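Me: I am new to this structure. Can you show me how to read it, one feature at a time?

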Amino acid sequence: RQVRDFARGVGRRAKSDPIDAQMLARFGAEVMPAADVVPTAAQLALQELVTVRQQLVEQRTVLLQQSAQHGGKLVRSLGRAHLKLLESHIAKLQSAISATLQQEAALYQKTQRLQLINGVGLVTAATCVALCPELGSLSKGQVAALIGVAPYDDDSGPRKGWRHIAGGRARLRCALYMAALTAIRTNKILRRFYQQLRHRNKPPKVALTAVIRKLAILLNHLLKNPLFEPAT
């Protein structure tokens with residue numbers, strides 16, 4: 001995305017393999033992006049397991065919504081069988097995620113540490129470690145932007161527009177969205193933060209997005225500072 005935006009910015013709207021190669025080289029020379037850390041075998045396996053589990057959970061949600069509208073006996077029976085199969089596969093994936101974490105001490109320790117925060121369970125912690133290996137090395141602004149919960153300005157002259165979030169890693173944001181829903185019920189600090197925003201007449205989704213951002217920053221801080229102990 002960044003390279004395509006760069007290409008448009010320098011007037012190259014056409015796209016072909018030679019043009020892409022030229023733009024990649026020019027982008028690298030002028031922007032000098034930082035190199036990504038090469039993932040370990042355990043990290044790659046964890047990313048795959050977490051992603052497939054999320055996909056199956058999404059299928060389960062769709063199936064549950066559809067099943068409420070099924071009237072025929074056969075269709076209901078097939079739906080129950082499909083749902084049972086999905087549940088079985090999700091359980092197997094969760095077991096595989098736990099086994100994969102055991103293979104690499106660094107991954108296991110990170111997930112254990114993230115679970116110190118009320119509202120963050122094993123699946124959420126594993127998702128964070130798998131889909132955001134940079135966690136623990138970012139600034140507050142970077143982690144919010146990476147997840148896609150950073151509010152971007154939309155001002156022009158005297159006009160002050162609404163701030164909007166954009167971009168980021170959607171699957172990671174979805175996982176933290178579910179964790180935030182749990183946190184505003186079980187985590188007294190995040191619950192108080194959410195309630196304060198609602199008392200200031202912030203819409204529920206705006207307040208929840210702010211909780212996701214605060215939670216992401218807290219997770220990053222937790223891994224960055226090994227001696228930090230979160231309040232419960």
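Me: Which residues of H9 are buried?
Reply: This is a predicted model. In H9, the buried residues are Leu190, Tyr194 and Leu197. They sit on the same side of the helix, because they cover an arc of only 60° around the axis.

Me: Which residue caps the N-terminal end of H9?
Reply: Asn187 does. One of its side-chain oxygens lies 3.1 Å from the backbone nitrogen of Ile189.

Me: And what is found just after H9?
Reply: Check the backbone angles there. Asn201 takes a positive phi of about 70°.

Me: Now a charged residue. Where is Glu104?
Reply: Glu104 is in the loop between helix H4 (73-103) and helix H5 (105-114).

Me: Is Glu104 buried or exposed?
Reply: Buried, and yet Glu104 has no salt bridge. A salt bridge needs the charged atoms within 4 Å. For Glu104, the nearest side chain of opposite charge is Lys110, 7.6 Å away.

Me: Which residues is Glu104 in contact with, leaving aside neighbours within four places in sequence?
Reply: Thr40 and Ala42.

Me: Let us go on to Thr111. Which helix holds Thr111?
Reply: Thr111 lies in helix H5.

Me: Why does Thr111 count as buried?
Reply: Read the relative accessible area. Buried means under 20%. Thr111 has 0%, so it is buried.

Me: What is Thr111 in contact with, beyond neighbours within four places in sequence?
Reply: Leu101, Ala125, Ala126 and Val129.

Me: Now the whole protein. How many helices and strands are there?
Reply: There are 10 helices and 2 strands. From the N terminus on, the order is α-α-α-α-α-α-α-β-β-α-α-α.

Me: What does the C-alpha trace span?
Reply: About 60 × 50 × 45 Å along the principal axes.

Me: What share of the residues is buried?
Reply: Of the 232 residues, 32% count as buried.

Me: And how many of the contacts join residues at least 24 apart in sequence?
Reply: Take contacts between residues at least 6 apart in sequence. Among these, 59% join residues at least 24 apart.

Key:
Residues numbered from 1 in each chain as written. Predicted model: local features only at pLDDT ≥ 70, side-chain atom pairs only at ≥ 80, totals over all residues. Heavy atoms only, no water. Helix = DSSP H or I, 4+ residues; strand = E, 2+ residues; numbered from the N terminus. Buried < 20%, exposed > 50% of the residue type's maximum accessible area, 1.4 Å probe, protein only. Lys, Arg positive; Asp, Glu negative; His and termini not counted. Contact = heavy atoms within 4.5 Å. Arc of directions from axis to C-beta. Polar contact = N/O pair within 3.5 Å; in protein donor to acceptor, adjacent residues only side chain to side chain.
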